[in-house]
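Look at the model first, then read on.

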Amino acid sequence: MTIFTTDTQNGIARVVFDLPGESVNKITAEVRNELEPLLSQLRGDANVRAVVFMSGKKDNFIAGADIDEFVRLKSSDEALQLVRGGQQLVNRFGQLDKPVVAAIHGACLGGGLETVLACAYRVATNHPKTQLGLPEVQLGIIPAAGGCQRLPRLIGVRAALDIILAGKVVPARKAHRLGIVNELVHRAILEEIAMKAARKLAEGWKPRQRKGGLASALLDKNPLGRRVVFATAEKQVRNKTGGHYPAPLAALDAIRHGLRHGIDAGLDREAKHFAELGVGEVSRKLVQIFFATTAMKKDTGVEGPAPEVQTVRNLTVVGAGFMGAGIGGTAVLRAGVDTRLRDTNLDRVKSGVDTARKILKDRLKRRRLTKYEHRRLDALVSGGTDWSGLGRSDLVVEAVFEDIDVKHQVFRELETQVSDCCVLASNTSTIPIARIAEVTRHPGRVIGMHFFSPVEKMPLLEVIVTDQTEPWVTATSVDFGRRMGKTVIVVADHPGFWVNRILSPYLNEAGRMVKEGVPIEDIDRSMKRFGFPVGPITLLDEVGLDVAQKASLVMHEAFGDRLTPIDGLVRMIDDNRLGRKNGRGFYRYDKGKRKGVDPSVYEVFNVDARPVPDGDIEKRLVFAMLNEAARAVEEDVVRSPRDGDIGAIFGIGYPPFLGGPLRQLDDLSAGHAVDALERLSQAYGERFAPTPVLRQMADSNLRFYPNS
Amino acid sequence: MKDVPAVDLARRTTVELVHRLNLNGDLVDEMYFGQVVPSVLTPNIAREVSLLPQFPTSIPAASVNRACASANSAIAHGADQIRNGYARVVIAGGAESLSNVPILHSKRFSETLVALSKARTLSQRLKLVAGIRPRDLVPVAPAIAEPSTGESMGQSAEKMAKENGISREDQDIFALRSHRLAAAGTEDGRVAAEIAPFFRARGEPVSTDNGIRTDSTLEKMAQLRPAFDRKYGTVTAANSSPLTDGASAVLLMSEDAAQSLGYTPLAFIRSYAVAALDPGDQLLMGPAYAVPKALDRAGLTWRELGLVEMHEAFAAQVLSNIQAFESKKWAEERLGRSEAVGQVSRDTLNVMGGSLAIGHPFGATGGRITLTLANEMVRRDVQFGLISVCAQGGMGFAMVLERR
């Protein structure tokens, strides 16, 4: 196998990296094995005065280290061996007795970036595909092939921390601004400029070093300043991770150690941390999520052979409220489709059009869009009060008021106007799709597309299929959801679908605790500590108490006593407390800013707040959700445990380091979960009775994920 | 609407056309748009429209300037391309933002700026800057005057009123009629149906014309002072068209294309004609020359016309042209014809009002008139209809529409 091809002209060796059979370059064992002798040979070759290192792939430089190899690691020792090998290889790049110039086009990530950091000079293309970064911490590990050492030395501690601790990937332009690459050029002249630089370096040229300015002198280069920088960063990391993710802190330590004790000591520290993290539970979970989302990107959403997908070009959104406008604006921004917003009067249409345009405008302001891209996308938003544009639409998403009669009228009217190959979707969160489809002549093209608010930020989309939904309709909706940048799960048309189904008992339980007098702060704090981004009471305020109440009634009707709504919620709504949206909820709000818990809430619930043992708060909330998740899986609400876990993580913010509710049940073991539920059931009521499937799993020692 | 440049008006209008007609943008072969006062930043407004994301980037587009008949000329060009077999589907229209006219620097100041951009040294630059005089900084606004005679539009209308004996009262009566008919059309939804609501960044959605006066009376109009001849004049703000912002777009197709794509045409283009006269003569009499030409080309006489849409720049101009159409003497002297062009019936003339009430965004007006005529022809089941437009430079445009 030839991975590297080398040719030498006028004393400059050109090394082209092109991993056979792959669309991207990655650093595998074979790559390392072939690179070793190649470097030795270059070292010994007197005809070679400098080296240009480049990729043979179309739009990729090096995507990173081989993740499969990393997943196979069994022990810390194996991990240590792997990382030491990587470090040595990168070191040899840097310690070659002749300058190496990296010519970078396409993604240059992880180990790829660490490799080029060891080169003498880096030229990159100013192409949108060219991105550089160290995303390791997102997989629960750290850059350990010298990245924690070389990046801060190259661009300063602050900028390096910014990239490494968040696992950031930056576009070429920013990489150039930061000083990661020396030159930015057009793709057509990349090789020529790299060659020129190599020749100059061979002749002893010293490229100018960037000077950092005053802030850099104070904070990056001065030990005292650095101490401040590290202390601040550490505090931020602890705040952000809640102590659940060890990788950013480990990276911080490796960087600090290296700067204090020299690069070799730093490398040792990198290796040590990597060896521990690489086989740690958090990394395993994050890698599983990575694999799951990667696999889901290729999932058509239906079983069996892939049906013909209709590529949506024109979209109509019926109902230009906040949700409809969010769907429209996100569709324009991410999928670039022509989007028509329809509502019953011009003022509502205008407000929807404004909201959708604001999504684009915000991107322009944050420089995520150029002026010209913005102008193009802005022209894709339009609206009206009639059905114009409907005849050319490939997809209609209904986002009108949650009322079956209103929805029926909309779908009846829609069907008289649309073409035969138009998909009709509803964004309902509480009404069964099959009931909506009842009034249509072609129920096979009716589907649910349940977005979460705010649409442009929330990463999950539930696509809801009925027994009648045709496969091409499902595949088209899944494909479009993905083009909108969403992670898509296909779920069954059961009340609450997946996300609201597992959320419902959890929120009910939280409400019940308020009624018992458990301090609201304790409830929210407990779940934040568990790893949720916000606690359940905060979530209720964010969602809106009226919305939550409506949903909980639907769930109660469908599932009976187990999901009895909190009666206090009605009293909260009667007291004109709708949550953040009207500035009155469980918490107080001042000009949109949240203040503390509103103590008068306890009066509404007619109770005095009193602390209770902490442990039970967490157990009651978490097991309410876990039990329901197991039950819903048994009912085939989701197509696989994978979809269920990803749905919970992206839809509710279920702690990623736990891998999702079903992973967690596996980790706990069904037996342990049954025991815990039984104890809760005795202490707090029948609703905690373990679902039959969990008992069966406990009896037969089964798992949701049999193989891992 | 002063925040909105003409090009954006044209783009939004065209997006609305795409949606209302459920048009697949890939089918469009060419675009023509009229604009009279182009922005130096987007000199070819039509190309900016054809670069809308609703269309492939491969649609060639040209901007047309035949003054107030620009959109008409754009439509005529499109029709010609189709008739020649060079295109099957064309979008044509026009746009103007008269609250966005370019204000120029003085000639001396512009020259200094150009020289500055070429200057190499600091001393050269300083010398140039030092040469700027305060009076050079006074901006120059473009006037609506004939470059060949220096006479403004209003002065021309004033002259026509005097020479043709059009009284102040007749002008006011005609203008009032325009407002009343436009108000009625707005009331019953016919005018509104032709308007694409515009959503500005700030403020209410715009879905009606703001020039139409529902409360005007002859008494009130009589109180206005003449605008162009303070002492003996008859042309006032009330009997002249307001200069406004707007855009228009129409979809043109060959009969085959319409059939195969399932579109029912509102009307067919039967003929058109343009004419020009000495601007030093009666500047806005162009229609009186263009109309008989267009009728001849259509093989029709005035009597066969069921509806007529005359662009109303000034009441004096419309009434002067009507006088010419109806005059045997004028026909003999000016056209060498033995018969008058035709007798104009008020029942079929500008039945939804005209530019006097609705306003006159130069480059856009022709598209509005064409659409109004076609829609009314359908509503009244009329076979032939006529458009006439007067234009700067002593030009006239006429087009005959037909329903089959």
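Helices and strands here are DSSP runs, at least four residues long for a helix and at least two for a strand, numbered from the N terminus. One such helix is α28(A), and Ser669(A) follows it with a positive phi, near 80°. Keep in mind that this is a predicted model.

Start with α28(A), which covers residues 661-668. It is mostly covered, with six of its eight residues buried. Those buried are Pro661(A), Leu662(A), Arg663(A), Gln664(A), Leu665(A) and Asp666(A).

Now take helix α15(A), residues 346-365. Why does its length agree with expectation? At 1.5 Å a residue, its 20 residues should span 28 Å, and the end C-alpha atoms are 27 Å apart. Buried residues of α15(A) include Arg348(A), Val349(A), Gly352(A), Ile359(A) and Leu360(A). Charged names turn up in that buried list too, among them Lys350(A), Asp354(A) and Arg357(A).

| Element of chain A | Residues |
|---|---|
| α14 | 322-335 |
| β14 | 338-342 |
| α16 | 371-378 |
| β15 | 381-384 |

Just after α15(A) comes Arg367(A), with a positive phi of about 60°.

**A loop residue**

Met458(A) sits in a loop of chain A, between β18 (446-451) and β19 (460-465). Is Met458(A) buried or partly exposed? It has 17 C-beta neighbours inside 10 Å, so it counts as partly exposed; a buried residue needs 20 or more. Leaving out residues up to four places away in sequence, Met458(A) touches Phe452(A) and Ser453(A). Lys486(A) is 28 residues from Met458(A) in sequence, yet their C-alpha atoms are 8.0 Å apart.

**The nonpolar core**

The largest nonpolar core holds 324 residues. Val101(A), Val123(A), Ile142(A), Ala251(A) and Met31(B) have the most contacts inside it. Helix α26 of chain A, residues 614-634, gives the most to this core: eleven residues. What does Ala251(A) touch? Beyond residues up to four places away in sequence, its contacts are Val137(A), Ile142(A), Pro143(A), Cys148(A), Ile164(A) and Leu165(A).

**Chain B as a whole**

Chain B has 15 helices and eight strands. Along the principal axes, the C-alpha atoms fill a box of roughly 75 × 60 × 45 Å. Of the residues in chain B, 48% count as buried. Take the contacts in chain B with a separation of 6 or more: 77% of them join residues 24 or more positions apart.

**A covered strand in chain B**

Strand β4(B) runs over residues 245-253, and nine of its nine residues are buried. Asp245(B), Ala247(B), Ala249(B), Leu251(B) and Met253(B) point one way. Gly246(B), Ser248(B), Val250(B) and Leu252(B) point the other way.

**Where the chains meet**

The contact between the chains takes 15 residues from chain B and 15 residues from chain A. On the side of chain B, seven are nonpolar, five polar and three charged.

How values were computed. Residues are numbered from 1 along each chain as its sequence is written. Chains are lettered from A and ligands numbered from 1 in the order in which they are written. This is a predicted model: local features need pLDDT of at least 70, side-chain atom pairs count only at pLDDT 80 or more; totals for chains, interfaces and linings use all residues. A residue is buried if 20 or more other C-beta atoms lie within 10 Å of its own, exposed if 12 or fewer, and partly exposed in between; C-beta atoms are placed from the backbone. Two residues are in contact if their C-beta atoms, placed from the backbone, lie within 7 Å. A nonpolar core is a set of buried Ala, Val, Leu, Ile, Met, Phe, Trp, Tyr and Cys residues joined through C-beta atoms within 7 Å. The expected span of a helix is 1.5 Å times one less than its number of residues.
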